[in-house]
Every structure is written in C-alpha cells, then in structure tokens.
Amino acid sequence: MQTQIRDLSTHYIDLPGTRGTVLFLHGWGAHIGLYQPIFDLLQQQQYRVVAFDMPGVGQTDEPSAPLTIEDYVGDQFNFLSSLNALTE
C-alpha cells in the first residue's frame, strides 16, 4: 500500500490482527520486504502488524533534503495516527 508522509509517497503494510498492534521499524538500508517471515509469524499469532519503508529505501520516495531524528520520529507518529494505531 502507499500513503503520503510529508511530501513522500511511502510504502507500508497494515496486516490485520486481534491481539494488539506491533509496529515494526527497520534499520537504515533495510526495507520492510526483508522481514516478511517475521510479519507472517506475528500474524499467525493474531497480531496486527504495521510497518513502513523509511524515506529513501524500499518503495518509499527519496527525500529532497537530509532528515533529522526528529523528522523520523514525526513520520512514525503521523503514520500511526493515520492508521488509528495510537489508540490501542
């Protein structure tokens, strides 16, 4: 799936589950596609799994300027807010 975070087209997953939400944050240089086996295990246990490709990796657009740690934190907050995942 794709959504807009700031001005970037951002690739993400939102896999349904009933036991709570697990936010998955990958490291720099990785992308969410590398972790599909982990997502499958979590889903088998009935967890909701949400994750997005960080800016400039995977299927997410490259930012036009360097990002700060605060930018990354804001992106994660806005992403979770857009999925109503902060209320769980």
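## Salt bridges, aromatic pairs and cores in a predicted model

In this predicted model, Asp-14 counts as partly exposed, because its relative accessibility is 23%. Its side chain meets that of Arg-48 in a salt bridge, with 2.9 Å from N to O. The two partners belong to distant parts of the chain, Arg-48 to strand S4 and Asp-14 to strand S2, and they are 34 residues apart. Arg-48, at 11% relative accessibility, counts as buried.

The search of the whole structure finds two salt bridges, and the other one involves Asp-75 and Arg-6, whose side chains meet at 2.6 Å, N to O. Because Asp-75 lies in helix H2 while Arg-6 lies in the loop between S1 and S2, this pair ties together parts that are 69 residues apart in sequence. Asp-75 counts as buried at 3% relative accessibility, whereas Arg-6 is partly exposed, with a relative accessible area of 41%.

| Salt bridge | N to O distance |
|---|---|
| Asp-75 and Arg-6 | 2.6 Å |
| Arg-48 and Asp-14 | 2.9 Å |

Arg-6 also deserves a look for its backbone. Most residues other than glycine have a negative phi, but phi of Arg-6 is positive, near 55 degrees. This residue sits in the hairpin of S1 and S2, where two residues lie between the strands. Strand S1 (residues 2-5) and strand S2 (residues 8-15) run antiparallel and are joined by four bridges; within this pairing, Gln-2 has His-11 of S2 as its bridge partner. Gln-46 is another residue that is not a glycine and yet has a positive phi, of about 70 degrees. Gln-46 is found in the loop between H1 and strand S4 (48-52), and at 40% relative accessibility it counts as partly exposed.

Turning to the aromatic residues, the count comes to four aromatic pairs. One of them brings together Tyr-12 and Phe-79, whose ring centres are 5.6 Å apart and whose planes stand at 70 degrees, so the pair is edge-to-face. Since Tyr-12 lies in strand S2 and Phe-79 in helix H2 (residues 69-82), the pair ties together parts that are 67 residues apart in sequence. Phe-24 and Phe-39 form another edge-to-face pair, with 5.1 Å centre to centre and 90 degrees between the planes. This pair, too, links distant parts of the chain, with Phe-24 in strand S3 (residues 21-24) and Phe-39 in helix H1 (residues 36-44), 15 residues apart; Phe-24 and Phe-39 are both buried.

In soluble globular proteins, nonpolar side chains tend to be buried together. Here the largest nonpolar core has 11 residues, and Tyr-12, Phe-52 and Phe-79 are among them, along with others including Ile-5, Val-50 and Leu-83. The elements that give two or more residues to this core are S4 and H2, and H2 supplies the largest share, three residues. Leu-83 touches Tyr-12 and Val-50, and it also touches Asp-14 and Arg-48, when residues up to four places away in sequence are not counted. A second, separate core has seven residues, including Leu-15, Phe-24, Ile-32 and Phe-39.

Note on methods
Residues numbered from 1 in each chain as written. Predicted model: local features only at pLDDT ≥ 70, side-chain atom pairs only at ≥ 80, totals over all residues. Heavy atoms only, no water. Pairing = 2+ DSSP bridges. Phe/Tyr/Trp six-rings, centres within 6.5 Å; stacked < 30°, edge-to-face > 60°. Buried < 20%, exposed > 50% of the residue type's maximum accessible area, 1.4 Å probe, protein only. Core = buried A, V, L, I, M, F, W, Y, C linked by side-chain atoms within 4.5 Å. Contact = heavy atoms within 4.5 Å. Salt bridge = Lys/Arg side-chain N within 4 Å of Asp/Glu carboxyl O.
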